[in-house]
Amino acid sequence: AFTTKRDKVRKAFKKFGTIVSVRRYVQGAPRRADVSYSSAAEMQAAIEGGEGLEIEGRTLKVKATPPPEEVVEKVKKGKGKGKGKGK
């Protein structure tokens, strides 16, 4: 089980730049954490410098992930019966 706390992940990666957020539980990948930086240069430094780091006995694999896709909501247009009675 992946029991490492976010503050330990934050502490290990703060030397690479300004951290915006650390997400520990990622849907579909329970043993992964996402670290967001304020710039692409800081992110690249973390990718290069963080590969092979060890946290609580685990050797890390560090890679860039694409930003999450935003779901576009469809506009609702009523029931479509066309009778205009509101039923």
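Tutor: Before we start on this predicted model, here's a cut-off we'll need: a residue is buried when its relative accessible area is under 20%, and exposed when that area is over 50%.

Student: Okay, then is aspartate 34 buried or exposed?

Tutor: First place the residue: aspartate 34 sits in strand E2. Its relative accessibility comes to 15%, and the cut-off for buried is under 20%. So aspartate 34 counts as buried.

Student: Which side chain does the side chain of aspartate 34 join in a polar contact?

Tutor: We're still in strand E2 with this aspartate. The polar contact spans 3.2 Å, and the partner side chain belongs to arginine 32.

Student: Let's move to helix H2. Why do its buried residues line one face?

Tutor: Helix H2 covers residues 40–50, and its buried residues are Glu42, Ala46, Ile47 and Gly50. Look down the axis of H2: these buried residues line one face because they all fall within an arc of 140°.

Student: Zooming out, what pattern does the protein chain follow along the sequence?

Tutor: Start with the inventory: the chain has 2 helices and 4 strands. Its 87 residues include 23% that count as buried. Read along the sequence, the elements follow the pattern α-β-β-α-β-β.

Definitions and conventions:
Residues numbered from 1 in each chain as written. Predicted model: local features only at pLDDT ≥ 70, side-chain atom pairs only at ≥ 80, totals over all residues. Heavy atoms only, no water. Buried < 20%, exposed > 50% of the residue type's maximum accessible area, 1.4 Å probe, protein only. Arc of directions from axis to C-beta. Polar contact = N/O pair within 3.5 Å; in protein donor to acceptor, adjacent residues only side chain to side chain.
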